[in-house]
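This report describes selected local features of one protein chain. It covers helix packing, backbone geometry and the surroundings of individual residues.

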Amino acid sequence: MKNDTAILLVYCSDKPGLVHEITGFIHRYGGNILYLDQHADHEEKNFFMRIEWELEEFTVPPEQLEEKALKEIIRPLDMQYQLYFSSCKPRMAVFASRHAHCLADILHRYSTGEWQVEIPLVISNHEDMRRTVENNGIPYFCLPVNRDNKLKQEARQLQLLAEHDVEFIVLARYMQILSPEFVSSYPNRIINIHHSFLPAFPGSNPYRSAADRGVKIIGATSHYVTSDLDAGPIIEQGITRVSHRDTVEDMVRKGRDVERVVLAKAVYLHLNRKILVLNNRTVVFE
């Protein structure tokens, strides 16, 4: 079993000595570094890092670590930061509609222990997935949405999310557009899967558009949700080849396979604290 670790994500203006200062802080208190990845954007002159270290021999107690890091490296180096502990399981809500493939894949990965995550509830605007979800021991809330009750139902959704202490949300082909007010409650914490290789062929029927154009690849895009529809920071993308022999139904089938994998990869990266967002772009640490 992996020992408890601390994970620090930082970004700031690039300058000499940043890696030395950060690793020196961890070494100074007996931490054993397990992972270090960094990126310097030479055009924007920004520095990004993800570093993870064991806490077993680290002499700073977890409850004092943030204050100590702020004092010794974060503020002196003028860094933006996120600090996490591997012992804290994220709590993830899933939103779904009638398409079962992404939700079923998430439930499988959850039930087999592939992901270190808690799923305290699933919210849907249809009853179709209730048995599947409840068979996995997860509460299922059906909140039908229409033009007249949308804001009322979103208020109820936010209430449920707060009651269940949800950290982030995954839209597993949830076929409703979230309001800007809802999105602002979870900035960079709502992960969507879009059934096309954005920005090409967006819209409600991309496979028909792709077939009409005779495309040779189709794909899927997972991104954080913003108030600009389908224009949020991209986390992961995937493609598969098609040909003139493929019908629209073939493309849908192949596309759903890609959607499952791409969404799962995006959730995995988020769970493992491997994403930084800056100016509607992501830095993804592998």
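## Packing of H1 against H2

The model discussed here is a predicted one. In it, helix H1 (residues 18-28) packs with helix H2 (residues 62-74) at an angle of about 135°, and their axes are 11 Å apart. H1 and H2 are therefore oblique to each other.

The crossing of H1 past H2 is right-handed. H1 contributes Glu21, Phe25 and Arg28, which meet Leu65, Lys68, Ala69, Glu72 and Ile73 of H2. Sorted by class, this contact of H1 with H2 holds four nonpolar and four charged residues, with no polar residue.

## Packing of H3 against H8

H3 passes H8 in a crossing that is right-handed.

On the H3 side the contact is made by His101, Cys102, Asp105, Ile106 and Arg109, and on the H8 side by Arg256, Glu259, Arg260, Leu263 and Ala264. The residues of this contact between H3 and H8 comprise five charged, four nonpolar and one polar.

Val261 is also found in H8. With a relative accessible area of 54%, Val261 is exposed.

Most residues other than glycine have a negative phi. Which value does phi take in Arg173? In Arg173 phi is near 60°, a positive value in a residue other than glycine. Arg173 belongs to the loop between strand S8 (168-172) and helix H6 (180-185). Because its relative accessibility is 6%, and buried means under 20%, Arg173 counts as buried.

Asn188 likewise has a positive phi, near 55°, and is a residue other than glycine. Its place is the loop between H6 and strand S9 (190-194). Asn188 has a relative accessible area of 32% and is partly exposed.

The side chain of Arg273 makes a polar contact, at 2.7 Å, with the side chain of Glu167. When neighbours within four places in sequence are left aside, the residues in contact with Arg273 are Ile7, Leu9, Arg50, Tyr84, Pro90 and Glu167.

## Thr282 in strand S13

Thr282 is found in strand S13. A polar atom of its side chain lies 2.6 Å from the backbone oxygen of Ile234. Not counting residues up to four places away in sequence, Thr282 touches Tyr224, Pro233, Ile234, Ile235, Ile275, Leu276 and Val277.

Thr282 and Gly232 are 50 residues apart in sequence, and their C-alpha atoms are 9.7 Å apart in space.

Arg241 is placed in strand S11 (residues 234-241) and is exposed, with a relative accessible area of 59%. Leaving aside neighbours within four places in sequence, Arg241 is in contact with Lys216, Ile217 and Lys254. From Arg241 to Val284 the separation is 43 residues in sequence and 25 Å in space, C-alpha to C-alpha.

Glu286 lies in the segment after strand S13 (281-284). At 54% relative accessibility, Glu286 counts as exposed. Its contacts, apart from neighbours within four places in sequence, are with Tyr35, Asp37, Lys265 and Lys274. Glu286 and Tyr35 are 251 residues apart along the chain, and their C-alpha atoms are separated by 10 Å.

Conventions: Residues are numbered from 1 along each chain as its sequence is written. This is a predicted model: local features need pLDDT of at least 70, side-chain atom pairs count only at pLDDT 80 or more; totals for chains, interfaces and linings use all residues. Side-chain values use heavy atoms; hydrogens and water are left out. A crossing is left-handed if the near helix is turned anticlockwise from the far one by less than a right angle, and right-handed if clockwise. Helices (H or I, at least four residues) and strands (E, at least two) are DSSP runs, numbered from the N terminus. Contact means heavy atoms within 4.5 Å. Ala, Val, Leu, Ile, Met, Phe, Trp, Tyr, Cys and Pro count as nonpolar, Asp, Glu, Lys and Arg as charged, and the others, Gly among them, as polar. A polar contact is a pair of N or O atoms within 3.5 Å; within protein, one must be able to donate a hydrogen and the other to accept it, and residues adjacent in sequence count only if both atoms are side-chain atoms. Buried means under 20% relative accessible area, exposed over 50%, partly exposed in between (1.4 Å probe, protein chains only). Axes are lines fitted to C-alpha atoms, for helices over the stretch in contact, and angles run from 0 to 180 degrees between N-to-C directions. Angles under 35 degrees count as roughly parallel, over 145 as roughly antiparallel, 65 to 115 as roughly perpendicular and the rest as oblique.
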